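Trainee: I have the model open and would like to learn how to read its features one at a time. Could we begin with the terms and then turn to the case at hand?

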Amino acid sequence: KLTKIHAREILDSRGNPTVEVEVTLNGTTARGISPSGASTGEKEAVELRDGDPERYNGKGVEKAVKGINVEVGKSVTGLSFEGQQAFDDHIIGLDGTENKSRLGANAMLAASIAFARASAVAKGIPLYRQLVEREGYVMPVPCMNVINGGRHSDNNIDFQEFMIAPHNAPSFKESIRMGEAVFHSLRSLLKAKGYYTGVGDEGGFAPNLSSNEEAVQIIMEAIHIAGFAPGKDISLCLDPATSEMWNNGKYEFYKSSKERITTDEMIGFWEGWLKEYPIILLEDGLGENDWEGWKKLTSLLGDKVELVGDDIFCTNPSIIQQGIDQGIANSVLIKLNQIGTVSETLKAVELAQKNGYNCFISHRSGETEDTTIADLVVATGAGHIKTGSGCRSERVSKFNQLLRIEEELGDRASFAGINTFYKKL
Ligand code: PGA
Ligand code: ZN
């Protein structure tokens, strides 16, 4: 029985307000917190913000908090829910909108996570088991975002995320050690070259560089210096977040050269980089409104690289279905707050996996100490996760939770390795 639900306004890693919810089930209390994105997809579930310019530049979440404390509280207190789906369906019904704009996806997700966590505590099982019960669990390859550009930093790099995937490891623990070795060698290398070593929103370095390509070249050098073989031990993953570059039907290098190129040229650009560098995953290589381009990109490169759709799918099962029907991408980025409840997120994963698509579990650029995605990646067997770089506690808290899970699972866990990336690779 749900005896209490309580929300409050707290802060995310960018210093903006976000919603935290506590749910009490039969005397056990647990909490959930919503993250927040910067380069959001147009079809994401809506964050409810106060819009009062006197508080937090309009980003306050007191309305969302009140919705939980008054309306949701009145409706759910004293009820028994059969499971996650029943609770989520109840608050979805209460909200009554297609995009969760009335109660706010930020409020609803925090409540949904809190309910999942409280259910796990009440049963005395870990969260990943509460989410999905399976025989053996797979520990993910951490795709670490070591250089930040785009909307995640104020440097001159157009592309948002340059990630390293340390896949040639016997365990998650060892893959994290390898990733950190490269992270630290990259720092020394940047410093030696006279570049800035401050970090961006996701904990990757955010220097001004001579070009976007120099970001890849310098990471390759750092991998070598750390003693690893690029492609064999550690490969590259990219999220250029090109929806942010889409401007009047072309892709604009809005932070560097201001050059504008067509969809075909953008596809050619990726083909060139795939030939040159050991890139095994490309997320949002084209923008969310370029469906025709995405079809072309997928038919051309879909058997060579994992093509992840983030902005184009927004973790939304009905849009993912359209993408599957039209042959778009071969992998889906999974972000809980894009859709707004735990059970709809699990539905999105199931749909993707059933159709042979991969799932790539993800944080947001605005994060908190909530580590739900660490349990989610283990629960779903998705095999790879992006949750930042080698520093910043709101990022490494997810790695730390995965280290705990791996230790707890012992022999029952295996490490995903290279095979987790798109199956045709
Ligand atoms: P966001 O970016 O959290 O700022 O939206 C993450 C991504 O594009 O994957
Ligand atoms: Zn993305």
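Mentor: Let us start with burial: a residue is called buried under 20% relative accessible area, exposed over 50% and partly exposed in between, with a 1.4 Å probe and protein chains only. This is a predicted model, in which local features need pLDDT of at least 70, side-chain atom pairs count only at pLDDT 80 or more, and totals for chains, interfaces and linings use all residues. Residues are numbered from 1 along each chain as its sequence is written, chains are lettered from A and ligands numbered from 1 in the order in which they are written, and side-chain values use heavy atoms, with hydrogens and water left out.

Trainee: Which residues are the protein donors of the zinc ion (ligand 2)?

Mentor: Donors are N, O and S atoms within 2.8 Å of the metal (3.2 Å for Na, K and Ca), and since water is not among the atoms, sites may look incomplete. Here the protein donors are D239 (OD), E283 (OE) and D310 (OD), which lie 2.0 to 2.2 Å from the zinc ion, and their spacing in sequence is D-x43-E-x26-D. D239 belongs to strand β8 (residues 234-239) and E283 to strand β12 (residues 279-283), so this pair ties together parts that are 44 residues apart in sequence; strands here are DSSP runs of E of at least two residues, helices are runs of H or I of at least four, and both are numbered from the N terminus.

Trainee: Are D239 and E283 buried or exposed?

Mentor: D239 is buried, with a relative accessible area of 1%, and E283 is likewise buried, at 0% relative accessibility.

Trainee: Which residues touch the most other members of the largest nonpolar core?

Mentor: In soluble globular proteins, nonpolar side chains tend to be buried together. A nonpolar core is a set of buried Ala, Val, Leu, Ile, Met, Phe, Trp, Tyr and Cys residues joined through side-chain atoms within 4.5 Å. The largest one holds 102 residues, of which F162 and I219 touch the most other members, and helix α5 (residues 172-192) gives the most to this core, with 8 residues. A second, separate core of 26 residues includes V65, A107, A110 and F115.

Trainee: How many residues of helix α12 are buried?

Mentor: Helix α12 (residues 372-380) has 9 of its 9 residues buried, among them D375 and T380, and the helix is followed by G381, whose phi is positive, near 65 degrees.
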